[in-house]
Amino acid sequence: MSLIGKEVLPFKAQAFQGGKFIEVTEQNLKGQWSVVCFYPADFTFVCPTELGDLQDQYATLKSLGVEVYSVSTDTHFTHKAWHDNSDTIGKIEYIMIGDPSHTISRNFDVLIEEAGLADRGTFIIDPDGVIQTVEISAGGIGRDASTLVNKIKAAQYVRNNPGEVCPAKWTEGGATLKPGLDLVGKI
């Protein structure tokens, strides 16, 4: 069953950000655009490359009104230890949520039950807390955070311009489409 168009389910978790432990709930994902990025585990191989790449896009995402949340089934204590011991992870400014109970990973349908780890999942959530995009990748395939920027711009455009849609490879300022009878079979 697809999570697209579904509201984020309730959760409460501990997280690490800016040298502090904080509590995060589904309510934090409302009122602004959010990206939730699941990854299998701290102190691994592909994961730090992805999280570092996400940090490289963080200022741009923030300028678009987006908050970023990374999530693994590790604890917030493990996130702090990784942050303190990895040059790449030490640069991260966004929120790192611990999900040792697996509640959030199950809510987003990314939990690999037999391993107790999350799949690589990226979710764009609108200000109402509704999931607009889902991307799930196999464990050995790293993601490119630069693709999030255009997806978020497109999601924001569609939200702000009812009746219009963004075609493939759409970029900000590019032509959009107005679905209707006159377009059927013409594209």
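How many aromatic pairs does the count come to? The count comes to nine aromatic pairs, where rings of Phe, Tyr and Trp (its six-membered ring) pair if their centres lie within 6.5 Å, and planes under 30 degrees apart count as stacked, over 60 as edge-to-face and the rest as tilted. The model is predicted, so that local features need pLDDT of at least 70 and side-chain atom pairs count only at pLDDT 80 or more, while totals for chains, interfaces and linings use all residues. Residues are numbered from 1 along each chain as its sequence is written, and side-chain values use heavy atoms, with hydrogens and water left out.

**View 1. The ring pair of Phe38 and Phe123.** The ring centres of Phe38 and Phe123 are 5.8 Å apart and their planes stand at 80°, so this pair is edge-to-face. Because Phe38 lies in strand 3 (residues 33-38) and Phe123 in strand 8 (residues 120-125), the pair ties together parts that are 85 residues apart in sequence; strands (E, at least two residues) and helices (H or I, at least four) are DSSP runs, numbered from the N terminus. Phe38 and Phe123 are both buried, meaning under 20% relative accessible area, with exposed over 50% and partly exposed in between (1.4 Å probe, protein chains only).

**View 2. The ring pair of Tyr39 and Trp82.** With centres 6.0 Å apart and planes at 40°, the rings of Tyr39 and Trp82 form a tilted pair. Tyr39 lies in the loop between strand 3 and helix 1 (46-56) and Trp82 in helix 3 (residues 76-85), so parts 43 residues apart in sequence are tied together. Tyr39 and Trp82 are both buried.

**View 3. A cluster of rings.** Phe16, Phe21 and Phe77 are linked into a cluster by ring pairs.
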